[in-house]
Amino acid sequence: MPSAQAQITRDSVLKTDHLTKQVTSPEGPLTIVDDVSLDIAAGESVAIVGASGAGKSTLLALLAGLDTPTSGKVWLAGADLTILDEDGRARLRAQRVGFVFQAFHLVPALTALENVMLPLELAGRDDARGAARAALERVGLGTRVSHYPRQLSGGEQQRVALARAFVMAPAVLFADEPTGNLDTTTGERVGTLLFELNAQTHTTLILVTHEQNLAARCQRTLRMEAGRLV
Amino acid sequence: MLVREWRSGELGVLLLALTVAVASLTGVGFLVNRIGAAVDLQATEVLAADVRLGSPQPISQASLDEAVRRGLHAVRSTRLLSVVFQGDQSQLTNIHAVGPGYPLRGHVLVASTPFAKGEAITGIPAKGEVWPDSRLLAATGGSVGSMLAIGSGTFRVSRVLISLPDQGGTFAELAPSLLMNIQDLPATQLIQPGSRVSYSLLFAGPRERIDDFKPWLLLNKKPAERLRDIRDASPQIKSATERAGRFLSLASLVSVLLCAIAVAMSARRYVHRRLDVVALMKTLGATSGFTLSVSLLQLLAIACVAAIIGSAVGFIAQEWLLRALRGLFNAELPPPNLLPIVLGFVTAIALLVGFALPSLLQLARVPTIRVLRRDVGPAPLLVVLAFGPAVAVIAFLIYSVVREVKLFLDFTLGLAAFVTLEACAGWLLVYLAGRLRGSVGVAWRYGVANLSRRRAESVLQIVAFGTGIMVLLLLSIVRNHVQDSWRHSLPEDLPNYFFINIPPADRDAFVNFLNERGAQTSRVLPMIRGRLTAINDRPIEGAQSAGDTENFASREQNLTWESELGADNSLVAGRWWTRADFGKPLVSLATEFQDSLHVRVGDRLTFDIAGESITAIVGSISGSVMWKSSCQNVTPSTCAAS
């Protein structure tokens, strides 16, 4: 496909053009993401699947602005990530992006409420406490607000993470193996909650997962093999 | 955020280390501050003023008028030696004639009977009255109510002088004293052309006004006039206090260095455990600037808390120490000023900047991708950025304590050499340990593998703990060495009592009296007062003089004579006199005064001894083994062949 200047469609919220990421290894340059071009519309739910080492998480990091590509372009919510510095990308993420991680990534020294308040405080919101409490109630943890992560089960921790991700009503939510550290039953509950919240907020969902039934709930599935979309 | 961080418990060690460092420095700081203030206070009492202008000539009214104009107190004081008579009895006496307001600092103590406990009095003798001291009354057989003849005047003894603040602490002021009203001085007709009189103007007032007035005095005083302030009073005590303070500060610096190591280690650990959280916060939208400002504010808050708590602990510690040493101080020490607290705060900031900030700055450089890849961390700092602040802080702390360039360089270079040696040894140890992996048991293998996998960290820990142990041992060794070397530097038979001004007729009886009571008499030396007036026929005012020996040229000295060179003396130039030299006017001069006056063997020195001018030739220069510690060379700086 010719490498023309990409046209951002009217409702496109995430777009890449010949996105490539290479790293240096002892064996020489290693291409992790290889010439990926995609276009995701606002409100769409997209699953990125593939074997381990296919480059899914690296692609997700590039799409979210957590890393910079070796070549190519990424537009997120109308902004060209490749021309923003790290602080610029951070400011964009604060306003438009939410994250859910496989390892939950809750701050151990903060309570559930304080963890959910974190993105609100970083964005300078005055109603951080109230909004965080409401988000926790929405995920069924209204009575656990003052508990620390070590006092919560894996599923409860991931629900706190969901509350934190959705409390800012992000334009795009990136989820990296959200049920990877959970048992099947808990994983299904968390997965259901994820899609419920997504439907309520009309957030664009980018989901990296191994699980076929979770991927099947997305509107579109992208398969990666050896860094390329197939 | 700090409160939330505190909950994690990772800042506790950092805060504790800083608090101990601040407590150590401020504790010593408060103690030295109070002792220094007490010495200064006593120094002003020794001067009987804040500043004293002295001259062998009458001092003009201009200085006094200027002082009054500036809102200062000023008093005239005239001192001279003269014989005081009571009937047929007479005694050479130090006469102090003072004006109203004397003393401006300190107190005159008087009593109604000789050798009684004195009480402070406000005011000076009225016209026609005098206050002789107990020795003068004992020597002349007088008492309160007696009449004493001083020159052409006669005065009534109204009180017994017990002590004056500016009595004088040197061996020179050994004659009894008498206090009189300066308005009575003309009536004595003691001051004639050629009389040797010491005129003084005493000034006292608020510190800042005194400090403003001193430059005016220095600018407007005559060449013969000499300005003295608290630095000139009790210089020996002040010097000893400063030296003791510096040793204590150096000792506390050792604990500060230990705490610095603890701060560095805890900061590294804290940062290492915060990398994931900071990466997450960046993911959620925190900028590098925000992360950095949070870190800096945390540092500032920790410094403030450590400074406050540490200063409080330091203050309590010095109070406890003073109570334990109460017997060593005659008076209550004045309260400390706030300077040690400022020092504590500066120390806390300096330690954090030097030992924690470089690690904390790494947090701002954590790559966001770490949330997905934990193997990715911040790029290591350049060596100069990683260690430069710590080195600078250590150098600053050491210099602020020792305040001597040579000692600072010696200490710093020694420390640097030790750390370098330690690092090399640590690296070698870790390398050799790695080679042993295959030949040790399972348990040991994991430990050894850990050591060699994190080689840089392992070496850093070896250096940190090794340096900590070294400074602890150093303090212990230095303390013992200082005590031992001081003890061994003193001869076994060092005198600890000195008797001065024994009348020649009483000499043998007095020595026998002491010997019968078990005293071991080392030497009995004759002594006479003399004033150097010329060097090689050039009047002494033109001679160069410097340092603490300038007094040799400006006032009377104690001269002695003996035929044999003492065992504690050694000649550095010239030769000691022999029997063939007896009768020749030869002198032997101490090395300190040789350096001060630039005198050599063969030079001619002219002395005024009891009004008689005597010229002698420098036959030798002698060095005293124990000059400063007053061993057997107690008073003489000049020996004469007789």
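**Strands, helices and a chain contact**

Visitor: What makes strand S1 (residues 12–25) and strand S4 (residues 71–76) of chain A a pair?

Guide: Two strands pair if DSSP finds at least two bridges between them; here five bridges join S1 to S4 of chain A, which run antiparallel, so the two count as a pair. Strands (E, at least two residues) and helices (H or I, at least four) are DSSP runs, numbered from the N terminus. This is a predicted model, in which local features need pLDDT of at least 70, side-chain atom pairs count only at pLDDT 80 or more, and totals for chains, interfaces and linings use all residues. Residues are numbered from 1 along each chain as its sequence is written, while chains are lettered from A and ligands numbered from 1 in the order in which they are written.

Visitor: Which residue in S4(A) does Thr20(A) stand opposite?

Guide: Thr20(A) stands opposite Ser71(A).

Visitor: What is the order of the strands in the open sheet of chain A?

Guide: Four strands form this sheet in the order S2-S1-S4-S5, with antiparallel pairing. Strand S2 (28–41) and strand S5 (79–80) of chain A each have a single partner strand, so one side of each is left without a neighbour in the sheet.

Visitor: How many residues does each chain bring to the contact of chain B with chain A?

Guide: Chain B gives 19 residues and chain A gives 23 residues, two residues being in contact if their C-beta atoms, placed from the backbone, lie within 7 Å. On the side of chain B that touches chain A, the largest share, five residues, comes from H7(B).
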